[in-house]
Amino acid sequence: MDYTAGTCRRPLIGICGRPDETGEYLIIFKDYADRVYEAGGLPAGLPAHEGADACADEVAERFDGIVFTGGCDIDGASFGGRAYDDSTHHPLGETMPVRDAFEGALVHACWDRDVPCLGVCRGLQVMNVAMGGRLVRDVSEQAWSMAAHIGSHLQPEPFDTPSHDVLVEPNSELARILGRLETRVNSIHHLAISEVPQGGHVVARALDGTPEAIDFTDRTFFMGVQWHPEIMGTQPELFSAFVAAADARRRALGR
């Protein structure tokens, strides 16, 4: 569809934001908005303040798709204190419980309505935990035999430069979208998935075994990736597939 000519209505895509240090401003990183717009969506910022979780159902009702964005660690007390595996003890970085509350509620509201969702880095982690999965507080705490050989997944700047390879599961939706079974990605995280919830599937891993993408195949588009495709700008197919799913929902609802 030719969105650039103004002849088509763009699907409305909510982008999860975060308050700044003063609490006076909502921060939405430009890269997310740019990638969504380039894929044909109309980006709009979503709240991240005390009590925002009360409007999660209305947000899911009004928006055609949601991007759960990157950012701070999930707080240890959020999600009923069950976000992290009992065996993990690594110190957490900055946390923001108000984001956890809103985004957790929004994951469920979108799931119930089959609203297309794309999770990026923290966004993948929030989707995983909200649906019943768990995390380790650092990649070094992963429980398989290669754990002793895992290095840092926090690459130095520049962040738009890929730092490691990811192997994508054959026959997965992610493989279909990317058109390949191996891709190079950037890496700006230290939390990692330890347990995937029922209905979720790990569909990509780093060479050290770290889960790098999950997909919930019971929904039209409910996928998260551990890397930052919005920063790299080299995987437009991912945003195009997500926005296309959102546009199909928009048209089905007659918007």
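Helices are DSSP runs of H or I, at least four residues long, numbered from the N terminus. This is a predicted model, in which local features need pLDDT of at least 70 and totals for linings use all residues. Residues are numbered from 1 along each chain as its sequence is written.

**Helix 7**
- Its buried residues (under 20% relative accessible area, 1.4 Å probe, protein chains only) include Leu-238, Phe-239, Phe-242, Asp-247, Arg-249 and Arg-250.
- Gly-254 follows helix 7 and has a positive phi, near 75 degrees.

**Largest pocket**
- A pocket is an open set of points on a 1 Å grid, with protein on both sides within 12 Å along at least five of seven lines.
- The largest holds about 460 Å³ of space, a volume being the space filled by probe spheres set on the points.
- Its lining has 22 residues; Gly-70, Gly-71, Cys-72, Ile-188 and His-228 lie nearest the centre.
- Lining residues have an atom within 4 Å of a point.

**Largest cavity**
- In a cavity, a 1.4 Å probe fits but cannot get out.
- The structure holds one cavity of 30 Å³ or more.
- The largest cavity has a volume of about 50 Å³.
- Among its lining residues are Ile-15, Cys-16, Arg-18, Tyr-32, Gly-70 and Arg-99.

Technical notes
This is a predicted model: local features need pLDDT of at least 70, side-chain atom pairs count only at pLDDT 80 or more; totals for chains, interfaces and linings use all residues. Side-chain values use heavy atoms; hydrogens and water are left out. Buried means under 20% relative accessible area, exposed over 50%, partly exposed in between (1.4 Å probe, protein chains only). Helices (H or I, at least four residues) and strands (E, at least two) are DSSP runs, numbered from the N terminus.
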